[in-house]
Amino acid sequence: MPEASCAFDEHPNEAFKDLARLATYICQAPVAAIVFSNGMRSSAGQGLGDTAPGQYRCWIKAALGMSPEQFGLCIDLCEVTLDRDRLTVIEDLSQQPQLRDRPFINSSPHYRFYCGIPLVSPKGTTVGTLCVLDDEPRQLDLTQRKALATLSRQATRSLRALRDFGTYFQRSPWQDSRSQHYLGAVPLAKNPYHLPLPAKTAAQSSHDEISRFPQDETPNRFSILETITEAFFAVDRQWRLLYVNRRAEKLWNIRRNEVVDTNLWETFPDLIESVFAQECHAAFDTQTCRHFEEYYDPLGIWLEVRLHPEPQRLSIYFRDVTQYKKNETVLLEQSHLSSLVSSVSSALAQSQTLDESLDRSIQALLTHLQAKTVGIWLVQADDPDTTTFDCTEQPLTLAQHNHTGDSLPDDLFPKTTVLEESLLGWVADIREPYINNRLDRIGQDFPLESAAALPNSGFDPSVLDVAKLTAWANDQNIQGLVLYPLIVEERLLGVLLICGCHPWTEDAVSVLDWLSSTIGLSVDRSWAREALVNRRKSLLFRLAGQIRNSLDLDTILDTAVHEIRSLLQIDRCYYLWCSGQGESPLTLAVTHEACAKDIPSFLGESFMSQAERLVPKIWQLETVQLNDLDQADDETRAFLEPLDVKAQLILPLGTRSGQFGAIACSHGNGRIWNDNEVELLQAVVDQLAIAIDQAELYAKTCAAALAAQTQARQLQEAMEHLKQTEAQLIQHEKMSSLGQMVAGIAHEINNPVNFITGNISHASTYVEDLLGLIDLYQRHIPDPPEEIEDEIEDIDLEFLEEDLPKLIDSMKMGAERIRQIVVSLRNFSRLDEADVKAVDIHEGIESTLLILHNRLKGKGELAPIRVIKYYGDLPKVDCFPGLLNQVFMNIIANAIDAVEDHGLRSPQSSETPTITICTETTCSGLTPGAKNCTNPDSVTIRIRDNGPGIKSEMLEKLFDPFFTTKSVGKGTGLGLSIGYQIIVEKHQGRIWCESEEGTGTEFFMQIPLRQPELDL
């Protein structure tokens, strides 16, 4: 700043800061500042006197939303206000030639709006400016201008510093030279409140000796303290009151001759625990000035306090700022009310449902009014379609529609009430607002208050339990209650209730009166829109009734397109006839149309270029909605632009006979097809499809009936034949599976039988020898003769003793093997278990593998098939064991056939034939391995082979009866079909196959853990 010396207080005065904050609330702007100066920088010397540029000084005492580098611009703009000496409003700074090139106007943050009002001292001297900045151009209304004027007057009379400034402006130059600590520039890093004091003069030294003299001995020295407008105390280090001026006597209601020389805290014991006491001690301890405000409850006033410490004395200045606080409260309330009006207006203006608008409105009322409860009751009528009400025509009922905040007692404010049955009903009946700012004392004031507030109202106190209302108000600390009837054009729509812990001011009541009318208008408009929608629905349903009552197809379609165009007020509505699915070529033609007279007709047109784009969507009954041509893709834009169509809506329809078409609506301008229109038109299209079906059925009734009878008879015969064939094939499949099972059993039993019979002769010989030896020992013990010793050597007794246990073990193994085979056969067939039982799935799989062991092991040049098992921790599963084992048998046998047919078991194959079996618990409906399965209810069995795989086109037919992928003569085509019935129908499970040609095949079987009680 070339000519200014700016002192910025790092600890700004809170009073000025509050005033600046109020200015931002009033103007709804982000930046505000309070600037004091001693004159103009210009040499012209206008406004405040001829202060030379070198002597110019300024103080920025409050700055909100502004960085220090922007202070120069703020001071320059304040000079404009000082020059004009009146409220200055510049709506757009960029339009001012002398200002638009300044920094922060032509650069960030690009200030645009400026408002400044002079600050005038009590003596009429202009000492500074209150200014507001914004980065958006704006205007101020009359209310905002008046509020700023009030703020400027408050600033000049509420702070003691302004008097000092007024005195300073009248000083002579030699006085200024002796007070450089007030005028000199102070770096931003320093605090002007803590500047070093000048050396004491003789007068000041004598003034420091005040505490040494009685008050009555130095009358001249205290004359200045008697003339100041503030109350003044002087105390020493022992908190002894040294001096009290007349203002202090009046403010504190004391006599100074009684309190001087007394202890401050004994005289005013209420101050001991106050902020005042803390600040006094801090002032003495730190020897720094203190400035604060505190509410003094015994006097019921707000005090502004300044403390000026000296080593042995503390000077205390008091000022009653209660009125200032009240003014501040009024300004804050006006700001809150302004924000409230803005919030409610925004909530009601936005396009949303009535419930959402009212919810946002009452939430704004609760927040900005600091209320405890806000509720809206709306009237209800006997007819649910009625949206406007008149209490003279039908009985009215009030029902709570919206509520926020604390709950209300139902006996005092019922959720549903009729007129004259509660306080709500009474307000609705008399149609006048009820305002009570003494609700906690309503038990004392109610009869008088009700008569005074609403004369001749006919209020019957019996409709309200005054005792309960008083108890509730006292319990909840409710003081203010307002009820406003919502009335529009003498029609009652509802009641607005607001209650809070504070009384309602006149400004708040005035704003609430306006807001209640605004809310009533919003409710009325919403109900009017609802009534309009109801009328449109009625019209559309009448149209649907008309087209359904006609059996002539041309009449139906012509009526539909004309009525829809008339209803929506659009340029064109037409019917597109579309070729059916599978028909070639694709056809799209306009058969019926209703359009404005000044646009060309599409009737008879065939939009073949659009057939490939639109026909599949019509087949899928997919709605095509275009609100603006600019939003369309290039192909659609190229087609519609020459036709002068900017908005289009196509609603397809399909009849039960397989015919397809669409109702198309188009408009020459952009148009938003709202959800209500689309929904209602869809209902008409559905009715139109039914009407077309009726017309077709009427023309083909006899032929269709005869064809249906013939087809039904043929289907019945085919079904009977299919059932017989299926039963025969199923029996054949069962016998084939049984044959495989018996062959496996015979083979497996044969080996242990041969093993046993091959060793039985040796066992018999050993037993005979042992018996003979025992006999000899019986005859020659204890000393066996030589003959016995020879016999022992002949039979090799040691070998017998060693081999006989092994022989017995071998016989046991053979017997055990036979037993295991028998058990496996029993587990597989489960012939004795025809009901649902909880079994181990792994046991059934092992039994199946054991039966198929002969096919799995290697034979000659056939390599063995490797079986890999990944068994999960499965609980027992409710199932039909025999049927489930049959499915395992079919699928594993098919896997064996697949790897054999693929040549994997031949010596030339480099790949090992492999079958992988996995089991795990899963959740029904989810794929195996899904991580979001937290409560498994099914088991999944997967059987995979590394065979040739199955072609994708065959997978869909895999479970169909008689379909097989095997060569002729090897398969019946019923194994998987029967397995599908067992898994899906018998066990309510799922079975599917995943396969890619060349990568193998995997079957999935998913079975619930628990089954209902079912029979075979």
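**Buried charges and a covered helix**

Visitor: Glu230: buried or exposed?

Guide: Glu230 is buried, at 3% relative accessible area. Buried means under 20%, exposed over 50%, partly exposed in between (1.4 Å probe, protein chains only). This is a predicted model: local features need pLDDT of at least 70, side-chain atom pairs count only at pLDDT 80 or more, and totals for chains, interfaces and linings use all residues. Residues are numbered from 1 along each chain as its sequence is written, and side-chain values use heavy atoms, without hydrogens and water.

Visitor: Which residue forms a salt bridge with Glu230?

Guide: Arg306, with the closest N and O atoms 4.0 Å apart. Arg306 lies in strand 10 and Glu230 in the loop between helix 8 and strand 7, so the pair ties together parts 76 residues apart in sequence. A salt bridge puts a Lys or Arg side-chain nitrogen within 4 Å of an Asp or Glu carboxyl oxygen. Helices (H or I, at least four residues) and strands (E, at least two) are DSSP runs, numbered from the N terminus.

Visitor: And Arg306, buried or exposed?

Guide: Arg306 counts as buried, at 11% relative accessibility.

Visitor: How many salt bridges in the whole structure?

Guide: A search finds 29. One of them joins Arg944 and Glu1002, at 3.4 Å between the closest N and O atoms. Arg944 is in strand 27 and Glu1002 in strand 29, 58 residues apart.

Visitor: New topic. How many residues of helix 2 are buried?

Guide: 11 of its 14. Among them are Phe71, Cys74 and Asp76.

Visitor: What comes just after helix 2?

Guide: Asp85, with a positive phi of about 55°.
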